[in-house]
Amino acid sequence: MALLEVKDLQVFYGVIQAIKGISFEVNQGEIVTLIGANGAGKTTTMQSIMGLIKPRGGSVVYDGKDITGMPTHKIVGMGMTQVPEGRRVFSELTVYENLLMGAYTEKDRSRIKEDIEEIYTIFPRLGERKSQVAGTLSGGEQQMLAMGRAIMSHPKLLMLDEPSMGLSPALVDQVFEIIKHFHKTGTTILLVEQNANKSLAISDRAYVLENGRITVTGTGSELMASEEIRKAYLGG
Amino acid sequence: MSTLIEGLSIGSVYALIALGYTMVYGIAKMLNFAHGDIIMVGAYAVLTTMSLCGFPLVAILVAVVVCTLLGIAIEKVAYKPLRGASPLAVLITAIGVSYLLQGIAQLVYGSASRPVTIIDMGNVQIGNSAVRVSSIVTLVVGAILMVILTLFIKMTKTGRAMIAVSEDRGAAELMGINVNGIISITFAIGSALAAAASVCYLFQIPSATPTLGSMPGIKAFTAAVIGGIGSIPGAVIGGVLLGVIENVCKSTPLAPFTTSIEFGLLIVILLVKPTGILGKKRREKV
Ligand SMILES: Nc1ncnc2c1ncn2[C@@H]1O[C@H](COP(=O)(O)OP(=O)(O)OP(=O)(O)O)[C@@H](O)[C@H]1O
Ligand SMILES: [Mg+2]
């Protein structure tokens, strides 16, 4: 059974339809990528799934339950969260406090403590800077913090919206290593990327989004092999 | 000396009210123009309880409870349905709520000014000037409440959630924070502080009218903007600054121009620093 099932999703901004009836699914244990150019509707799709934008039509089913139109905080409580586009860490809070916010739904204090220690092991930079306010972190450190913060809630399904955006090649590699690590430790991943090389390489399956419609779908390696995809998204 | 203490004391009343404006602005992103009228409701709550039982402490407690519940109710009934509506619609609704509260007060208590004596604490001699004890109490209570509020926001989970919501509502929701719940709590805290301000205000001017909240409301709003709306220390600084300037002006030949000088200060500060003394620039999102 699919962990996440999106059916005929339609989203409007005013009179403009950004998502024109898309359907896709993410199965338990998969890494699935949504690729698409600027303005294709990737962020809109992610935000609609999380309830941050109310879709006008279609449905989102998570873990067998219809969550369409449900408030975001309830969806998070069910075990799904998102690393939003542009990181969006809380700049006035410290690294440590940002991680605490990630564990907002967790009641067990000793577990939170252990989890934070584990985050510091995965991201030693965050451990070194735990008392620094997040607004003064570098872009790469903020991305690490955004990822660490999201994993604090132990999501069954983690969505990442362009986590490699604006990072140096070395950091991009590190981001993908972390995603693989989260996946290995049992998290199902839905990834949005514009730069498709690395994401297709780690994906079980992928969908191509163009102008609010899904135009191509296949396994990661199928899409990497496709002439059309290479031209459009993989730089030739 | 007494001018300074009186100034600090009325300043802490302004600061307590300004905190309500600034917290609601920071978290719900709206100007709650009915906030001043909560003070008026608090004053009538004191008046009514005093005439029923005569215990000042009970009256103060009743005022706090009534104002807190009223704050939560106003948010639920009037503002929550407008989440996502244009700021103008929300502003007009807030003004409507303000007039509604004043109208109800007038209906119940009449428009004439009614005396409200909570407790007469007399004067105390400091150096060679007499200072009202109530002013010192106001100053101390104000300071204590502000410290508690600051600790609450810095040290508790709910406090941190308030910072998170004020910074980035969407990201806060992604943490699993119930934003509507946080907004309710914010209104509750703001209104409870307004009730405290109301009691302190009655110490200074012991009478209640339906429009009692307007002037301190506007002054406190000015204080919040001077300090940088959305900033909690800003509200405190703005309130105290305004209170001191007001009292200093009143003891000079400039007294008739006190209010003009206060609003003049607002204009000057906004010209020099449009975000207020401690205001931050809103980061543009990419
Ligand atoms: N708040 C908004 N109001 C109006 N239109 C919007 C809004 N947000 C997005 N859009 C429009 O919806 C379309 C899809 O935008 P979206 O942000 O989902 O694209 P994206 O695939 O995430 O792009 P990018 O790769 O640049 O992040 C675009 O045409 C965009 O202009
Ligand atoms: Mg996007």
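Predicted model: local features only at pLDDT ≥ 70, side-chain atom pairs only at ≥ 80, totals over all residues.

**First stop: the interface of chains A and B**

Select chain A and chain B together and display the residues in contact, of which 22 come from chain A and 21 from chain B. The two chains bury about 2100 Å² between them, and 63% of that area is on carbon and sulfur atoms. On the side of chain B, pick out Arg160(B), Leu174(B) and Met175(B), which lose the most area to chain A and together make up 35% of what that side buries.

Next, show the side chains of Arg88(A) and Asp168(B), which meet in a salt bridge with an N to O distance of 2.8 Å; the count of salt bridges between chain B and chain A is one. If you then display polar contacts across the interface, six residue pairs are found, with both residues at pLDDT 80 or more.

Now colour chain B by secondary structure and look at helix H6 (157-167) and helix H7 (169-174), each of which supplies at least two residues of the side that touches chain A. H6(B) gives the most to that side, contributing six residues. Coloured by residue class, the side of chain B that touches chain A shows nine nonpolar, three polar and nine charged residues.

Thr43(A) belongs to helix H1 (residues 42-49) of chain A, whereas Glu85(A) sits in the loop between strand E6 (80-83) and helix H3 (95-102), so the pair ties together parts that are 42 residues apart in sequence.

Are these two residues buried or partly exposed? Thr43(A) is buried, with a relative accessible area of 19%, while Glu85(A) is partly exposed, with a relative accessible area of 28%.

Finally, select Gly58(A), which is found in strand E4 (residues 57-62) of chain A and is partly exposed, with a relative accessible area of 38%. Leaving aside residues up to four places away in sequence, Gly58(A) touches Lys7(A), Asp8(A), Leu9(A) and Thr68(A). Then draw a distance from the C-alpha atom of Gly58(A) to that of Gly21(A): the two atoms are separated by 7.3 Å, although the residues are 37 apart along the chain.

Key. Residues numbered from 1 in each chain as written. Chains lettered and ligands numbered in written order. Heavy atoms only, no water. Contact = heavy atoms within 4.5 Å. Buried area = accessible area lost by both parts, 1.4 Å probe. Salt bridge = Lys/Arg side-chain N within 4 Å of Asp/Glu carboxyl O. Polar contact = N/O pair within 3.5 Å; in protein donor to acceptor, adjacent residues only side chain to side chain. Helix = DSSP H or I, 4+ residues; strand = E, 2+ residues; numbered from the N terminus. Nonpolar A, V, L, I, M, F, W, Y, C, P; charged D, E, K, R; others polar. Buried < 20%, exposed > 50% of the residue type's maximum accessible area, 1.4 Å probe, protein only.
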